Amino acid sequence: MTRTPVTPARPLIAVPARFSATTSALRYAAEVNARALIEAVWRAGGEPASIHPASGDVASRLARFDGILLPGGGDLAPRHYGARGVHASVYDVDDLQDAFDLEVARRALDMGLPVLAVCRGLQVVNVALGGTLEQDMGGPEREHRHVVHPVAIRPGTLLERATGVEKTEASCYHHQRVDRLGAGLTVSARAADGTVEGLEHPGLHGWFTAVQWHPEDTAHEDPAAQGLFDALVRAARDRH
């Protein structure tokens with residue numbers, strides 16, 4: 001009797017959904033994730049699963065997953081990092097989204113789940129660990145929206161091992177950046193203007209890296225960008 005080879009199950013990667021009021025194709029407001037992000041996880045061999053932002057026992061909800069991808073999105077409410085005022089450029093703040101993402105970041109890191117954080121996701125982790133953000137980076141000379149620019153990656157970091165490069169062209173869309181680092185975090189990449197573009201936490205017992213740019217934008221054609229998703233899924237698979 002010939003046995004059919006068993007295909008290993010894809011590691012299950014949780015991706016917190018983002019609230020959207022502009023999904024006309026669905027006829028209603030929706031909870032969404034970027035197709036390019038989901039496809040990058042799938043190409044890496046993962047099974048991406050959007051999870052509903054809701055209050056409650058986040059730790060028990062995460063327990064069934066093998067890894068976490070914290071995606072981009074709108075701004076965190078500045079009160080989460082102790083800011084007294086709110087800059088006029090702050091946009092798309094949602095209290096439920098903020099509370100859920102911050103709790104996912106804390107719980108996932110505590111549980112040792114592999115975590116890849118992208119753009120807002122990086123900022124969420126920084127704030128979750130007590131760091132602060134610069135609410136707006138300033139005028140055109142400091143523009144990081146709809147821009148592809150070089151990023152220098154520190155050798156020997158998880159980021160360098162995942163991408164396989166020490167310099168990459170980063171697809172950016174953000175107007176905020178890290179100000180004070182959260183507890184235990186180190187900088188793994190910077191833009192030419194000094195903006196923090198990558199974070200890691202050497203003291204964690206799980207795999208974690210964060211980038212301020214959007215690797216999903218170019219992952220379909222750039223092995224360095226796809227390498228981040230490959231590394232996340234590999235770390236998720238290695239947990240078993």
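Predicted model: local features only at pLDDT ≥ 70, side-chain atom pairs only at ≥ 80, totals over all residues.

User: Pocket then. What volume does the largest pocket have?

Analyst: The largest pocket has a volume of about 650 Å³. A pocket here is an open set of points on a 1 Å grid over the protein atoms alone, where a 1.4 Å probe fits, with protein on both sides within 12 Å along at least five of seven lines. Grid points are joined across faces, edges and corners, and the volume is the space filled by probe spheres set on the points.

User: Which residues lie nearest its centre?

Analyst: R18, G72, G73, G74 and D92 do, out of 30 residues that line the largest pocket. Lining residues have an atom within 4 Å of a point.

User: Which elements give two or more residues to the lining?

Analyst: They are β2 (18-20), α3 (95-111) and α4 (120-128). The largest share, 3 residues, comes from β2. Helices (H or I, at least four residues) and strands (E, at least two) are DSSP runs, numbered from the N terminus.

User: How many of the lining residues are nonpolar, polar or charged?

Analyst: The lining of the largest pocket has 10 nonpolar, 12 polar and 8 charged residues. Ala, Val, Leu, Ile, Met, Phe, Trp, Tyr, Cys and Pro count as nonpolar, Asp, Glu, Lys and Arg as charged, and the others, Gly among them, as polar.

User: New topic. How many residues does the largest nonpolar core have?

Analyst: The largest nonpolar core has 32 residues. L62, I68, L70, L199 and F208 have the most contacts inside it. A nonpolar core is a set of buried Ala, Val, Leu, Ile, Met, Phe, Trp, Tyr and Cys residues joined through side-chain atoms within 4.5 Å. Buried means under 20% relative accessible area, exposed over 50%, and partly exposed in between (1.4 Å probe, protein chains only).

User: Which element gives the most to this core?

Analyst: That is α3, with 6 residues. Apart from this core lies another core of 29 residues, among them L37, C119, A225 and V233.

User: Where does L70 lie?

Analyst: L70 lies in strand β5. L70 has a relative accessible area of 1%, so it counts as buried. Its contacts (heavy atoms within 4.5 Å) include P16, D101, V104 and A105, leaving out residues up to four places away in sequence. L70 and A105 are 35 residues apart along the chain, yet their C-alpha atoms are separated by 7.9 Å.

User: And I68, what is in contact with it?

Analyst: Beyond its neighbours within four places in sequence, I68 is in contact with residues including I13, A14, L62 and L232.

User: Now charges. How many salt bridges does the structure hold?

Analyst: The structure holds 8 salt bridges. A salt bridge is a side-chain nitrogen of Lys or Arg within 4 Å of a carboxyl oxygen of Asp or Glu. Side chains of opposite charge can pair when their charged atoms come close.

User: Which residue meets R18 in a salt bridge?

Analyst: D101 does, at 2.9 Å from N to O. R18 is in strand β2 and D101 in helix α3, 83 residues apart, so this pair links distant parts of the chain. R18 is buried at 9% relative accessibility, and D101 is buried at 0%.

User: What about R120, which partner does it have?

Analyst: R120 also forms a salt bridge with D101, with the closest N and O atoms 3.1 Å apart. R120 sits in helix α4, 19 residues from D101. R120 is buried too, at 3% relative accessibility.

User: Which residues are joined into one network?

Analyst: Salt bridges that share partners join R18, D98, D101 and R120.

User: Where do R106 and E103 lie?

Analyst: Both lie in helix α3, 3 residues apart, about one turn of the helix. R106 is partly exposed at 34% relative accessibility, and E103 is partly exposed at 23%.

User: Last one: is α4 mostly covered or exposed?

Analyst: Mostly covered, as 9 of its 9 residues are buried. After α4 comes G130, whose phi is positive, near 95°.

Note on methods. Residues numbered from 1 in each chain as written. Heavy atoms only, no water.
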